[in-house]
Amino acid sequence: MEAQMKDCSENPIIISDMGTKGLLSHYQFEDGSSQFIFLDIDKETGGISINNPLSLTTGSYVQIISSSEGLLLLSSTGENQVNYLVFNPLTKQSVTLPQHGIARLIIRSGLAFDGKHYQVVLVHVSRDEENGLGPLPGDIELEIFSSETGAWRNHRPFSLSLNVELPENEFPELNTTPLFSNGAIHWEISGQLLVYHVEDDCCEVIELPNVFEDWSWQSTMTYRRCLWESEGRVHYTYTDFDGVHSWNLLKEDEHNVYSHQNVYDREKFRWQLAYTFNHEDLTELDPDILSLGDPWEPRNISPIAYVQDSETMYLQLPGVVVAYDTKNRVLLKVCRYRFPGVDFNCCSFFPSIHISECNKQNASNSQVGEVADLPIGEEVNSFSF
């Protein structure tokens with residue numbers, strides 16, 4: 001374990017200010033095999049190219065949960081249990097965590113990595129077994145694994161008001177990927193943002209700008225959302241029937257963006273609208289691209305990530321990823337992927353940080369700015385977890 005962390009801390013690929021923002025595409029097939037395709041983003045043009053050395057295929061059934069400074073948190077299913085793995089795509093090393101022994105319902109998981117040690121955090125609640133209902137209100141606990149100690153510990157937040165409403169069938173691919181930013185893990189839960197501050201070992205709950213009463217329906221049937229970081233700020237972006245909306249999470253000293261006469265409650269509402277654009281605007285820019293999605297089903301238009309330097313938002317549609325230049329209002333295809341018939345189960349994209357100055361010699365030969373065709377089904381750096 002320590003040997004792996006030593007390798008990780010000495011390699012700039014996992015340090016956020018030295019790494020490069022990119023995307024990770026996860027293809028999952030019905031036979032349980034998966035492909036992980038790493039995509040580099042050019043911060044100036046917003047173009048995408050395939051990073052072949054980091055990409056891999058595996059016959060193991062694994063799910064991506066989150067990423068943090070170049071490391072990935074994965075899960076796999078064993079005999080009556082879920083195994084958690086921390087994986088370094090550069091060194092191709094993985095560590096399977098010891099079993100946690102949680103008997104309660106795990107509703108979220110996340111990864112925090114500071115360049116030397118990592119922590120895996122599981123959020124769990126009690127079920128209302130007596131009434132056959134979901135999680136009991138206000139009953140949140142965290143189970144935390146530290147690579148420094150090699151052990152799990154329990155943490156029960158004090159004075160935490162969070163009522164968890166989960167749908168009967170929650171699809172992992174529709175969940176919002178957790179974000180590690182500014183020393184904290186951020187999860188979207190039931191229309192609220194649960195924030196765990198790693199160093200201070202404490203939690204807070206922030207209401208999201210698009211919360212409404214029946215969140216369990218909203219989270220599975222209508223909207224797609226993503227959390228991302230830019231210039232040290234946490235951003236929350238979602239789609240609805242009107243369009244795509246992106247909000248900045250305000251810091252404590254920034255609440256003066258709203259006047260005293262504003263209807264927003266400063267203590268409760270901590271967001272500032274960064275930008276919004278509707279589906280009609282996107283359709284005018286390129287009718288062919290937007291015809292791939294159904295405007296009455298905004299879940300088909302999924303925000304993936306945003307790059308501040310080029311002011312570009314990345315959106316996933318069926319079979320294609322597009323880059324929307326929010327400043328110049330230009331919409332371009334940057335990545336294509338196909339559905340290879342009955343063998344295909346799921347294709348997801350995640351924001352990630354990877355590649356470094358010392359690894360430039362291994363960069364993809366793809367020309368940045370061209371449309372990258374993802375190699376579904378091709379053997380790429382076979383690996384077994």
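## Contacts of tyrosine 337

Contact here means heavy atoms within 4.5 Å. The model is a predicted one. Setting aside neighbours within four places in sequence, tyrosine 337 is in contact with Tyr27, Gln316, Leu317, Pro318, Gly319, Val320, Val321, Cys347, Phe349, Leu374 and Ile376.

## Nonpolar cores

The largest nonpolar core has 22 residues. Those touching the most other members are Tyr27, Leu39, Ile48, Tyr314, Tyr337, Phe349 and Leu374. Several strands each supply at least two residues of this core: β1 (20-29), β2 (34-41), β3 (48-58), β22 (302-307), β24 (320-325), β25 (330-336) and β26.

A second core is separate and has 19 residues. Among them are Leu105, Ala112, Val123 and Val125.

## Second largest cavity

Three cavities of 30 Å³ or more occur in the structure.

Two strands, β4 (62-68) and β26 (344-354), each supply at least two lining residues.

## Cysteines

The whole structure has zero disulfides. A disulfide needs two cysteine sulfur atoms within 2.5 Å. For cysteine 202, the closest cysteine sulfur is that of cysteine 203, at 6.9 Å, so the pair is too far apart for a bond.

Cysteine 202 is partly exposed, at 31% relative accessibility. Cysteine 226 is buried, with a relative accessible area of 6%.

Key:
Residues are numbered from 1 along each chain as its sequence is written. This is a predicted model: local features need pLDDT of at least 70, side-chain atom pairs count only at pLDDT 80 or more; totals for chains, interfaces and linings use all residues. Side-chain values use heavy atoms; hydrogens and water are left out. On a 1 Å grid over the protein atoms alone, a cavity is a set of points where a 1.4 Å probe fits but cannot get out, and a pocket is an open set with protein on both sides within 12 Å along at least five of seven lines; lining residues have an atom within 4 Å of a point. Grid points are joined across faces, edges and corners, and a volume is the space filled by probe spheres set on the points. Helices (H or I, at least four residues) and strands (E, at least two) are DSSP runs, numbered from the N terminus. Buried means under 20% relative accessible area, exposed over 50%, partly exposed in between (1.4 Å probe, protein chains only). A nonpolar core is a set of buried Ala, Val, Leu, Ile, Met, Phe, Trp, Tyr and Cys residues joined through side-chain atoms within 4.5 Å.
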